[in-house]
Amino acid sequence: MTSPLVLLTGATGFVGAHVLHELITNNHRVIAPIRPCSLAKTDFFLKKYINHPGALQFVEVADQTDTAVMLPLLEGVTAVIHTASVIPNGVQPARGVEKDMLEPVLGMITALFEACLQVDTVKRFVFTSSTVAVYGTIDLTKKEYTEDDWNPLTLAETTKKWDPVKAYSSTKIFGEKRLAELTKENKPAFDVVVLCLTMVLGKSHHDVTNVLSLGGPAGALWFYSLLNQPQVPHNGYPQFINSADAAIAHFAAITAPLTRTPDVVHRYLISGGTFSFHRVIRSLLKHYPQLEGILPTADPAKYDEVFPSFATEKAKKELGVRLDKGWEQSIVEELFGAVAQEVKLGRSWSDFGCASMVNKD
């Protein structure tokens with residue numbers, strides 16, 4: 001029997017690489033459209049899965065916003081997982097958020113969706129969204145966020161003044177809304193699923209070359225926020241999801257039996273819980289005492305600070321996921337553990353906290 005074929009965008013990204021691993025190790029084949037600028041990363045992944053012959057095919061696609069270009073890639077595809085996104089690094093503020101970020105993001109969603117409408121094999125369309133589509137500034141008076149919560153950020157606010165967080169947030173907010181519009185208008189024969197991931201932290205499936213390849217954008221933010229900083233930073237996004245659990249959620253999103261809602265998107269919050277920077281620092285020093293003097297000083301009074309959580313009951317019930325890997329495993333053991341391994345190979349902890357490393361990729 002032929003293994004199911006999945007089209008996966010963003011396969012060489014941090015989250016995408018985890019989804020790729022989950023798919024291939026669960027007997028799925030993957031066709032991955034890749035931008036020319038990411039071609040250099042493909043050799044590593046082809047070698048990584050050399051013992052899975054025929055499981056992975058990269059296809060160079062210069063313009064993923066063209067429906068006619070994407071359509072041939074869907075031959076025999078049973079599910080689409082769209083993890084590719086645009087991050088603010090390298091974006092020119094002078095050109096505006098709309099031109100450099102929203103246009104390509106919305107264009108990719110539209111092209112993929114319209115192409116899927118033209119084939120009868122696709123049964124599931126999954127879009128990777130984020131915490132930033134659920135809220136902007138965290139409401140500490142709120143006990144829990146649910147699938148009904150939305151970041152109220154408007155396009156006018158996004159384009160008024162350059163702000164990389166708002167710019168990225170807009171791609172997820174308006175990306176979800178575009179997908180909802182397309183679903184309502186077309187009532188597709190396939191199910192449409194959105195996964196709102198909290199901060200993805202954990203081990204990496206990349207070749208380790210710099211801080212981004214160790215932990216992705218979220219991990220890079222962590223290193224830059226904690227190492228060599230005079231004080232503990234503000235924790236604006238205190239929810240997390242282990243990178244492996246994020247991948248499992250994506251796999252469940254294409255395999256779990258869902259109630260058919262042709263004109264409505266299935267939206268799920270994917271989170272492993274909350275964390276306190278102060279408690280994390282205490283745990284890091286326990287595991288890696290050599291970080292003394294590199295990490296800011298934690299406040300014991302804030303070890304047990306409480307943050308609003310993400311309601312994950314719907315995801316656990318309908319997708320059958322557990323989301324049970326905790327912050328200590330995700331952050332201390334896996335994320336910083338990977339750095340510790342690099343230190344053993346000759347690098348220094350300080351190398352992973354400098355801006356030049358964060359912006360180099």
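Asn-27 is found in the loop between α1 (14-24) and β2 (29-34), where helices (H or I, at least four residues) and strands (E, at least two) are DSSP runs numbered from the N terminus. This is a predicted model, in which local features need pLDDT of at least 70 and side-chain atom pairs count only at pLDDT 80 or more, while totals for chains, interfaces and linings use all residues. Residues are numbered from 1 along each chain as its sequence is written, and side-chain values use heavy atoms, with hydrogens and water left out.

Although Asn-27 is not a glycine, its phi is positive, at about 60 degrees. With a relative accessibility of 54%, Asn-27 counts as exposed, given that buried means under 20% relative accessible area, exposed over 50%, and partly exposed in between (1.4 Å probe, protein chains only). Lys-187, which is not a glycine either, has a positive phi of about 45 degrees, and its place is in the loop between α6 and β7 (191-197).

The aromatic rings come next. The structure holds ten aromatic pairs, where rings of Phe, Tyr and Trp (its six-membered ring) pair if their centres lie within 6.5 Å, and planes under 30 degrees apart count as stacked, over 60 as edge-to-face and the rest as tilted. One of these pairs is formed by Tyr-135 and Tyr-145, which are stacked at 4.6 Å centre to centre with 25 degrees between the planes. Because Tyr-135 lies in the loop between β5 (124-130) and β6 (144-145) and Tyr-145 lies in strand β6, this pair ties together parts that are ten residues apart in sequence. Tyr-135 is buried, at 3% relative accessible area, and Tyr-145 is buried at 4%. Tyr-135 also forms an edge-to-face pair with Phe-310, at 6.3 Å centre to centre and 75 degrees between the planes. Since Phe-310 belongs to strand β12 (residues 309-310) and Tyr-135 to the loop between β5 and β6, this pair ties together parts that are 175 residues apart in sequence. Phe-310 counts as buried, with 5% relative accessibility. Ring pairs link Tyr-135, Tyr-145, Phe-310 and Tyr-237 into a cluster.

The elements that give two or more residues to the lining are α6 (164-186) and α7 (211-226), and α7 supplies the largest share, four residues.

Charged groups also meet aromatic rings. The charged end of Arg-267 sits over the ring of Trp-150, 3.8 Å from its centre, and that of Lys-314 sits over the ring of Tyr-268, 5.0 Å from its centre; the rule asks for NZ of Lys or CZ of Arg within 6 Å of the ring centre and within 35 degrees of the ring normal.

Finally, the cysteines: with a disulfide taken as a pair of cysteine sulfur atoms within 2.5 Å, the count comes to zero. Cys-116 is in no disulfide, and the nearest cysteine sulfur, that of Cys-196, is 19 Å away. Cys-116 counts as buried, at 0% relative accessibility, whereas Cys-37 is exposed, with a relative accessible area of 60%.
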